[in-house]
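Biologist: I have a model open and would like to learn how to read it. Could you walk me through it, one feature at a time?

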Amino acid sequence: MSPYLLIKVSWVVGSLLGLAPIGKGFNLAGWVFLSTVTIGMAAIGIALALALVRRWGMRIPGRLVAFCAWTGSGFLVLILTYAVLTTMLDAAREAPVNSGATTLPCPAGKVP
């Protein structure tokens with residue numbers, strides 16, 4: 001998660017300085033807001049991972065840990081489902097329509 005967090009921070013800083021392109025369909029404010037939300041989610045994910053493996057994590061209320069894990073898992077499941085469905089729909093849209101006739105190449109110099 002740390003590389004993802006650093007990439008998102010660099011995107012926000014680069015966008016604000018005019019060095020990084022803004023995502024298609026976004027204005028600057030929308031791009032910065034969405035990236036800032038995902039930066040926060042990455043930071044929570046890093047903190048959750050550390051809380052699960054460090055002794056100080058035992059002092060965090062179980063409901064808070066469960067909520068963060070449940071919410072993160074829910075977003076992951078939604079994103080994976082969306083990715084699979086859009087891939088299948090795009091593949092179905094781009095599949096060639098077979099009319100039943102097959103076209104074979106003609107040998108050189110022979111016309112049917």
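Modeller: Happy to. Let's start with contacts along the chain: in this predicted model, residues 24 or more positions apart account for 40% of the contacts in the protein with a separation of 6 or more.

Biologist: What share of the 112 residues is buried?

Modeller: Buried residues make up 13% of them. Here, a residue counts as buried when its relative accessible area is under 20%.

Biologist: Let's take the helices in turn. How far does α1 reach from its first C-alpha to its last?

Modeller: A handy check is to set the span of a helix against the value expected at 1.5 Å a residue. Helix α1, residues 2-17, has 16 residues and reaches 22 Å, close to the expected 22 Å.

Biologist: Which residues of α1 are buried, and what do they pack against?

Modeller: Lys8, Val12, Gly14 and Ser15 are the buried residues of α1. Their packing partner is α2.

Biologist: Then how does α2 look by the span check?

Modeller: With 26 residues, α2 reaches 38 Å from its first C-alpha to its last, close to the 38 Å expected. Its buried residues are Trp31, Val32, Ser35, Thr38, Ile39, Ala42, Leu48 and Ala51. What covers the buried residues of α2 includes α1 and α3.

Biologist: How do I describe two packed helices?

Modeller: You give the angle between their axes and the distance between the axes. Here, α2 (residues 28-53) and α3 (residues 62-94) pack at an angle of about 130°, and their axes are 10 Å apart. That angle makes α2 oblique to α3.

Biologist: Is the crossing of α2 and α3 left-handed or right-handed?

Modeller: α2 passes α3 in a left-handed crossing.

Biologist: Which residues make that contact?

Modeller: On the α2 side, select Met41, Ile44, Leu48 and Leu52. On the α3 side, select Val65, Cys68, Ala69 and Phe75. Leu48 is also listed among the buried residues of α2.

Biologist: How many residues of each class does the contact of α2 with α3 have?

Modeller: By class, there are eight nonpolar residues, no polar ones and no charged ones.

Note on methods: Residues are numbered from 1 along each chain as its sequence is written. This is a predicted model: local features need pLDDT of at least 70, side-chain atom pairs count only at pLDDT 80 or more; totals for chains, interfaces and linings use all residues. Side-chain values use heavy atoms; hydrogens and water are left out. Axes are lines fitted to C-alpha atoms, for helices over the stretch in contact, and angles run from 0 to 180 degrees between N-to-C directions. Helices (H or I, at least four residues) and strands (E, at least two) are DSSP runs, numbered from the N terminus. Angles under 35 degrees count as roughly parallel, over 145 as roughly antiparallel, 65 to 115 as roughly perpendicular and the rest as oblique. A crossing is left-handed if the near helix is turned anticlockwise from the far one by less than a right angle, and right-handed if clockwise. Contact means heavy atoms within 4.5 Å. Ala, Val, Leu, Ile, Met, Phe, Trp, Tyr, Cys and Pro count as nonpolar, Asp, Glu, Lys and Arg as charged, and the others, Gly among them, as polar. The expected span of a helix is 1.5 Å times one less than its number of residues. Buried means under 20% relative accessible area, exposed over 50%, partly exposed in between (1.4 Å probe, protein chains only).
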